[in-house]
Amino acid sequence: MVAPHDYVSAPDIQSVDELTKEFLAESQEGLDRMERCLTELEMRPDDVDLLGEIFRAVHTIKGTTGFLGFDRLEKLAHAGEHLLGALRDGKLVATSDLISGLLRLMDGLRAILGLIEETGSEGTRAGDEDGELIAELARLNGHEAEELPEIETPQIALVETGRVQGEAPVASRGDASPALQPVAVSEKASADKTLRIDVDVLNRMMNLVGELVLTRNQMLQSGMDAANFPELARRLDSVTADLRETVMQARMQPVGNLFGKFPRMVRDLARTCAREVRVEFSGQETGLDKSLLEAIKDPLTHAVRNAVDHGIESPADRVLAGKPAEGCLRLKAFHQSGSVVIEVEDDGAGIPIERVLQKAVERNLVTAEDASAMSEREALQLIFLPGFSTAAAVTTVSGRGVGMDVVRANVEKVGGSVEVESRRGIGTTLRLRVPLTLAIVPSLVVKSGGQSFALPQSALVELVDLPQREFAQVVQRIGSSELYRLRERLLPMVWLDRLLGLDAYQPETSKGHYLAVLEAEGCRYGLVVDDLMSPEEIVVKPLSPVLREIGLFSGATVLGNGMLALILDVGATAARAGVKPVEGELSEAGGEEEMAQAAAEISFLIFEDRARERTALPLDVVERIESVPLGQIEYAGGRPLLQYRGELLPLRDEGSVLREMEDARRQGEEPLVTVLICGNADTQRTQRGGMVVRQVLDVSTGTLLEQDAANGEMELALVKEKLMQVHREFGAGVKVAWQEVA
Amino acid sequence: MKIGGWEKVDELLEESDAVSMCSLYAGGEMFGIDTRKIREVLGEKDLQRVPMSPQFLAGVVPYRGEVLTTVNLRALLGMGAHSGRSCVLVMDDEAEERFGLVVDAVGGVVMASRRRLEDNPSTLEARGRWLFDGAYKMETGLMVQLDPRKLSPSRLSEVGLFKDSSKGGADASPDR
């Protein structure tokens, strides 16, 4: 019964009133804090500050509860507070048992809070549901249950609450009644529907919205033909970009919120598995989009579980191996090239490769011959196959058949990726890589059957042009299935228009197709589309349930031209077309092997500089290919120079392209010069230069041969099975141009 | 039947009985939807069809930062595609999801008297019984009342009456 207050505030079952909501949010936050402190307390049992913090959390709950009239909660909190009081006063020592008891107290409090949130009441009838727990707390305190002293008056508790609040980052509302604490709303309260936002960010957003409105007004008044229209459009663009960035910033949550749950979990796990584990964190402040944080919660939990259960050995084994008995689990978060990386690292035994291979063969995931030929790296990838679990015995913790394949699927669902690294006897590192934000996805817009579709860039490996006239040669068939031979690997081809039952274009009018090589959930396949449109940063809009049911589209987006495009779910499309993950995995492994065998193979950019001669440059030397109006090229001492991003680049013009173009220019044309911007791939940014070419032809792989004795500047290479001549340039010895002789 | 003038008097007298209906047309028939259940009339819009979706869906259309799923009234009635352009109405009921209804044309707001509403005839087939909610006897003929709640895409797919036609994809099976 919600007892004394029932007739005053009449809590409605449907809606929990504002006061209670705030209380719930605040209490959850207190309990979160308590959870963190409790696990720390185990390491530093004498830390008075920690004890104080825990005490305050429980005390606050008890105080406010009394005020709101939740009897059951108050009773439990009181028992806990009493125990904590004894602990704080040094009458008791924080033993492992005691901490377990306190953790149970916390769970108990959470359960009641959850009940209140759901039903609006704490659901007690007899008032003795927590009798057992209270008795246990009393026992830990060295009392019998009956000996609990009288409950303190709520007034004192409120003073105490105020003090806690003073430490909170959010300023207090001046006129707030004691129980109306300013809401530093925890994201856990009210089922993750609330978010804590910096007031500054909110103000900035408001300012930007104001500016947006002003710009719109001006645009409406001036109309399309006005002289200042381009200026207004530019301003609109910049305001929108700023606004977007600010909103994204507001959605960012520190990863620490997620990490906070792990010390407790690891502690419990370590106890059940009889391990000794210490948890270390770094980069808790790294921001991640809230929805992404939610999405990686389960995969990360799974990874941490694995690390404790399978990774870290039992203390005895560790000592035998010459390691400290206590294992260490490190959780790291950091930014790396536009994504957030979260690492789960343990210093355990590492993943036993033979066991992995053996298991994979047992489960028919690979053949015995394949297994024996696999490198360590390839073998490690096997753990991501569905239905793979190396746990010798099924423990309560892991080994229930859901394994790393689920982790990978979940992370890939949000556009991320998973890697694993393992060193025998030293440890295992699992790396989750997730994009910064979910709502805006870089993608490529393609056309098929007259409709536009968006493919997320994260799944896109490469694009291949399939001209109509070469179609018959490059597409190979086994039975009815079509395959594309891409660098000696057979890639299953999926026709998007056929898969979706769209009307295909007439073959006669079609100028050919494009093959988008996609990879998701371990499947690699080529999606055949009619046309490629521009790459766009798209804003993902959810689809209605009926359309989600189709299962092939993860959302829709409005394109720059105002049309809608459906976003293709790359993984689901593979499944629908019957592309099997294992196939993809194996062919990938095969490809890697090949790569390892031909380690000397390099990708070359092939282009034409002198008329009708083909020359090549190693691809990693070329930074960009630019089209520059001839007028922008300047001369100093007879040498051509290009001002490029604040740098003066010397240009090489082997084929006298510039002179020819200057002639053309004198005849009134304004030709564009194709310039390869070359950097030194090893030392980066020193020794940059440009190379003037007639046209870029292709990218292809080749092998470097030994130096040609006849000419100190030349080297030989095989590109496309033709002998090529190479000469060294710029004195750096790294930038080389390759010239065809055969 | 009564004389026209008499009817008018009747309507004026019974103002509490009056319902404001939006009239709309599909395949030459007139339908009506309570105006309180219509959020907006979008007019003619380019619809993007969604491959593999049920036949009764006309496609999606951008609407105020959302992607609106639209239901094709003609397809529900078993009519072929409309030759001209179609008109989109946005339905909004507090409890239900927002969706669009595609019709041939929208007439205007008409006042109808609740007393002129007749129940569905008992001879109506199952689909009609689901779609129609009686008819108003208007001067120009019958105006069949539609209940937007029963027209929402998720309800339509739940009820299974209109499921027959998830077209396409026949040749997309992997073993082909």
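Predicted model: local features only at pLDDT ≥ 70, side-chain atom pairs only at ≥ 80, totals over all residues.
**View 1. The hairpin of strand 1 and strand 2 of chain B.** Strand 1 (residues 18-26) of chain B runs antiparallel to strand 2 (residues 29-34) of chain B, and six bridges connect the pair. Within strand 2 of chain B, B:Met30 is the residue that stands opposite B:Tyr25. Two residues lie between the strands of this hairpin, where B:Gly27 adopts a positive phi near 55°.

**View 2. The side of chain B that touches chain A.** Chain B contributes 24 residues to the contact, and chain A contributes 21 residues. On the chain B side, the elements that each supply two or more residues are strand 4 (57-63), strand 5 (66-72) and helix 5 (153-159) of chain B. By residue class, this side of chain B comprises 12 nonpolar, seven polar and five charged residues.

**View 3. Chain B as the setting of the close-ups.** Chain B holds 11 strands together with five helices, and of its 176 residues 30% count as buried. Among the contacts in chain B with a separation of 6 or more, 58% are made by residues 24 or more positions apart.

Notes: Residues numbered from 1 in each chain as written. Chains lettered and ligands numbered in written order. Contact = placed C-beta atoms within 7 Å. Helix = DSSP H or I, 4+ residues; strand = E, 2+ residues; numbered from the N terminus. Nonpolar A, V, L, I, M, F, W, Y, C, P; charged D, E, K, R; others polar. Buried ≥ 20, exposed ≤ 12 C-beta atoms within 10 Å, placed from the backbone. Pairing = 2+ DSSP bridges.
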